[in-house]
Amino acid sequence: MLTYAIRRTVMALMILWFISIVVFVLMRMMPGDPALLQQGIQATPEVIERVNRELGLDRPMPVQYADWLWGILTLDLGRSVLSQQNVTDEFMVRFPVSLQLMVLTLFWTVVLGIPFGIISAVRRNRWPDYAVRLTAILALAVPSFWIATLVLILPQQQWGYAPRLDGAVSLFENPSQNLKQFIPPSLVLAFAPMASVMRLTRSSLLEVLRTDYIRTARAKGLTDRVVVFKHAMKNSVIPVVTVIGLQVAGLLGGSVIIEQIFNLNGLGQYVYRAILQKDFAVAQSLVLYTAGAVVFLNLAVDLAYGWLDPRIRYS
Amino acid sequence: MLDTIQGTRTVTRGGLTARRGRLVMLGRTARRSPLGALGLVLILVLLFAGVFAPVITQYEVNEFAGLPNETPNSTFWFGTDKFGQDLFSRVVFGARISLQVSFLSVIGGTVVGLLVGSFSGYKGGWMDTVVQRVVDTLIAFPALILLLMIVRLLDPSLRNVIIVITIVIIPGVARVVRGAALAERNNQYIEAAQALGATDLRILLRHIIPNMLPLAIVISTTLLGTAILAEASLSFLGLGVPPPNPSWGADINTARNSFPINIAQAFFPGLAITLTVLGFNLLGDGLRDVLDPRLRGSS
């Protein structure tokens with residue numbers, strides 16, 4: 001197990017290193033001069049040169065890369081090229097917003113996805129099953145930005161109700177306003193993961209319900225409720241938990257559009273704007289952290305599986 | 001190849017082996033997977049709309065056909081936008097762009113992914129390791145962020161949007177195909193072919209890749225839906241196919257930012273996206289049931 005764990009961890013670190021190179025190179029290849037963006041088009045060449053020196057952009061690429069990597073490891077992300085703000089500070093302000101959005105999204109995913117998946121499996125091929133499956137298929141096809149747009153503009157047109165779009169309010173300062181701001185986007189964002197969880201819960205539970213030990217449990221005269229919740233759920237929930245873990249990683253990308261539409265000043269919006277404006281101090285660090293989170297979630301899943309199922313370690 | 005796989009599938013009944021016609025197969029498939037058939041119908045309707053767009057619609061996409069912001073009526077079925085352009089025409093012509101982007105990028109991505117994955121899985125060794133690490137790296141990026149970064153490298157154009165989506169599709173296909181090729185390699189017939197002196201290239205082209213095709217077809221059908229969503233998302237963010245091309249995603253964004261609010265302009269393009277993705281997903285599920293018996297009934 002230990003060798004397996006070490007091998008997987010080394011591999012994960014290697015991938016992380018590749019990712020850092022890809023991000024760094026992609027950001028440098030983008031057209032547009034950050035110094036020019038910062039100073040405006042009327043800037044003289046001398047000003048541009050000075051700004052470039054301040055930003056450290058006149059140094060050789062490998063030096064810039066090493067410097068950036070060192071900053072990542074020491075949690076010093078430097079300054080935004082455009083706003084001059086300290087990226088770490090801004091990160092701390094925006095992180096709670098994204099975190100709350102993600103936690104709420106996961107909440108809906110679990111609270112709606114798993115129970116409906118169970119209903120669907122238990123009532124297989126009857127109308128509740130069809131209803132759940134149809135909902136799941138539709139939820140996977142609907143573009144989140146479309147639903148988000150409709151959620152914003154329909155009430156506006158019908159009742160003249162315009163939600164506040166001036167940035168997130170803290171949960172601790174104004175809980176009701178905060179929830180009004182976060183519940184719609186988190187529900188919209190939960191559509192796709194919820195549908196996946198529903199489908200997976202259903203198929204995973206159905207598979208377990210076909211096994212011999214379930215037949216034995218039924219033969220003993222246990223009620224359906226006990227069979228499903230005490231016996232079957234335990235075994236069928238493992239793959240579901242795995243997928244939920246991986247969904248978190250997917251949400252990091254999905255929140256980019258949703259945060260932009262609802263004007264929630266989280267990390268998704270931050271990284272989106274940074275990529276658009278070639279603010280690479282911001283973009284490259286945030287993208288690396290995001291991809292890094294995905295790599296480590298995958299690693300955690302792999303290790304958990306290797307621990308649970310020895311066969312995997314040797315393949 | 002798909003034909004031979006389907007055509008040679010034999011059905012034993014009463015001790016007799018009967019070779020079934022392809023049309024009968026299709027009918028049986030449709031009955032076994034009614035949702036898959038529904039998906040196919042949705043896609044055919046959409047293809048029809050895309051191909052015959054000029055015949056179906058009365059107005060040009062960028063023609064100032066009526067008054068601004070008309071609600072849906074008998075002349076303008078989906079209403080008009082703030083310039084008085086016919087929204088029905090825009091949605092129908094939008095199908096062309098969406099289908100073009102999704103088909104071309106998925107075909108490109110699947111072909112490259114199929115080749116890379118087959119090669120990597122069959123050859124193994126250090127080549128495989130390198131390819132897999134590159135795939136791991138690309139998969140670790142949230143897809144939308146990778147799309148955004150690459151799309152910023154290129155000038156906005158139809159061709160570049162296709163290229164970007166192709167690049168993002170490749171690693172996923174390569175990974176799945178590689179896994180299947182790895183399993184295929186261990187079959188005895190491969191060993192037999194090697195014993196007969198077949199070269200690696202020949203084994204790849206004659207055995208491995210053809211056997212990966214059903215899998216690739218199933219993946220690519222589902223990817224078509226993903227590609228549609230990717231194109232729409234990019235257009236929505238203003239980074240997709242540039243105007244004057246009509247694009248579903250871009251129209252939703254325009255509707256969102258226009259005053260007074262134009263519900264129809266947001267509603268119909270979104271509905272079109274949903275039905276298209278739904279069609280491809282249903283078709284993909286249906287194809288998977290038919291082509292991959294192991295997964296039958298699993299979702």
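Two residues are in contact when heavy atoms of theirs lie within 4.5 Å. By that rule, 38 residues of chain B are in contact with 45 residues of chain A. Please keep in mind that this is a predicted model.

**The interface as a whole**
- The size of an interface is often given as the accessible area lost when the parts come together.
- Here, chain B and chain A bury about 4,000 Å² between them, and 78% of that area is on carbon and sulfur atoms.

**Polar and charged links**
- Between chain B and chain A there is 1 salt bridge.
- That salt bridge joins the side chains of Arg199(A) and Asp285(B), at 3.3 Å from N to O.
- Across the interface of chain B and chain A, 6 residue pairs are in polar contact.

**What chain B brings to the contact**
- Helices 6 (125–140), 7 (143–153), 10 (200–236), 11 (248–257) and 12 (263–291) of chain B each give two or more residues to the side that touches chain A.
- Helix 12 of chain B supplies the largest share of that side, with 12 residues.
- Sorted by class, the side of chain B that touches chain A has 25 nonpolar, 8 polar and 5 charged residues.

**Confidence**
- For the complex, the predictor gives an ipTM of 0.82 and a pTM of 0.83.
- Chain B has a mean pLDDT of 80, and 86% of its residues reach 70 or more.
- In chain B, pLDDT stays under 50 over residues 1–18, and it is also below 50 over residues 295–299.
- Where pLDDT is low, the predicted coordinates should not be read in detail.

Methods
Residues numbered from 1 in each chain as written. Chains lettered and ligands numbered in written order. Heavy atoms only, no water. Buried area = accessible area lost by both parts, 1.4 Å probe. Salt bridge = Lys/Arg side-chain N within 4 Å of Asp/Glu carboxyl O. Polar contact = N/O pair within 3.5 Å; in protein donor to acceptor, adjacent residues only side chain to side chain. Helix = DSSP H or I, 4+ residues; strand = E, 2+ residues; numbered from the N terminus. Nonpolar A, V, L, I, M, F, W, Y, C, P; charged D, E, K, R; others polar. pLDDT = per-residue confidence, 0-100.
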